[in-house]
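Trainee: I would like to learn how to read side-chain contacts in a model. Please take the features one at a time.

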Amino acid sequence: MFIETEDTPNPATLKFLPGRPVMGDAGTIDFIDADAVAGRSPLADALFAIPGVSRVFLGNDFVSITKADSEDWSDVRAKVLAALVDHFVAGFPVVAEGVGVTEEPIAPEDQEIVAQIKELLDTRVRPAVAGDGGDIVFRGYRDGVVRLTMQGACSGCPSSRATLKHGVENMLRHYVPEVVGVEQVEG
């Protein structure tokens with residue numbers, strides 16, 4: 001099995017591409033630390049067992065790993081590659097059944113607005129962000145404010161706040177007049 005690696009805009013994060021689906025159409029999931037896994041992902045458990053791994057993001061067809069500041073990629077990269085190969089070759093599940101991202105309840109009168117927001121995020125924002133090893137996940141909409149979570153390489157990237165405020169917020173406000181702002185929430 002050949003796994004490619006790519007740099008991301010966040011120097012502490014590398015993107016690993018195993019050449020096969022990771023989460024596939026099931027969405028994405030971001031484990032901010034080993035405690036967040038709690039048996040929810042055999043793959044994330046294996047990756048957090050590697051010294052120096054501080055965050056694991058599971059994307060559609062990639063895994064983004066954030067290392068601790070005290071570690072060097074030359075030490076961590078080979079161990080991550082070995083863990084990924086071992087996991088996929090063994091055929092273990094990536095996540096436990098029923099694990100996923102939850103959204104806040106949406107008011108019935110906001111359903112159409114939320115559908116427009118999700119469509120814009122899915123077609124214009126998420127593909128570009130996935131290219132950088134991360135994701136932006138819709139969490140909720142209330143009183144004109146869209147609540148989003150930055151995941152993977154994007155969560156710790158220095159330019160993530162500018163991406164949200166100047167990129168995503170401006171685009172959403174342009175296409176969906178009911179949107180007055182965007183707010184980042186933690187996963």
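The dialogue below goes through aromatic pairs, salt bridges and a backbone angle.

Mentor: This is a predicted model, in which local features need pLDDT of at least 70 and side-chain atom pairs count only at pLDDT 80 or more, while totals for chains, interfaces and linings use all residues. Residues are numbered from 1 along each chain as its sequence is written, and side-chain values use heavy atoms, with hydrogens and water left out.

Trainee: How many aromatic pairs does the structure hold?

Mentor: A pair of aromatic rings is described by the distance of the centres and the angle of the planes. Rings of Phe, Tyr and Trp (its six-membered ring) pair if their centres lie within 6.5 Å; planes under 30 degrees apart count as stacked, over 60 as edge-to-face and the rest as tilted. The structure holds one such pair. Phenylalanine 57 and phenylalanine 62 form it, with 5.7 Å centre to centre and 40 degrees between the planes, a tilted arrangement.

Trainee: Is phenylalanine 57 buried or exposed?

Mentor: Buried means under 20% relative accessible area, exposed over 50%, and partly exposed in between (1.4 Å probe, protein chains only). Phenylalanine 57 has 0% and is buried; phenylalanine 62, at 3%, is buried too.

Trainee: What lies over the face of phenylalanine 62?

Mentor: A charge sits over a ring if NZ of Lys or CZ of Arg is within 6 Å of the ring centre and within 35 degrees of the ring normal. Lysine 15 lies over the face of phenylalanine 62, at 4.6 Å from the ring centre. Lysine 15 is buried, with 6% relative accessibility.

Trainee: How many salt bridges does the structure hold?

Mentor: Side chains of opposite charge can pair when their charged atoms come close. A salt bridge is a side-chain nitrogen of Lys or Arg within 4 Å of a carboxyl oxygen of Asp or Glu. The structure holds six. One of them joins lysine 15 to glutamate 6 (3.9 Å, N to O), and glutamate 6 is partly exposed at 32%.

Trainee: Which residue forms a salt bridge with arginine 147?

Mentor: Glutamate 183 does, with the closest N and O atoms 2.3 Å apart. Arginine 147 lies in strand 7 and glutamate 183 in strand 8 (residues 181-184), so the pair ties together parts that are 36 residues apart in sequence. Strands (E, at least two residues) and helices (H or I, at least four) are DSSP runs, numbered from the N terminus.

Trainee: Where does aspartate 143 lie?

Mentor: Aspartate 143 is in the loop between strand 6 (134-142) and strand 7 (145-152). Its phi is near 55 degrees, a positive value in a residue other than glycine. Aspartate 143 is exposed, at 71% relative accessible area.
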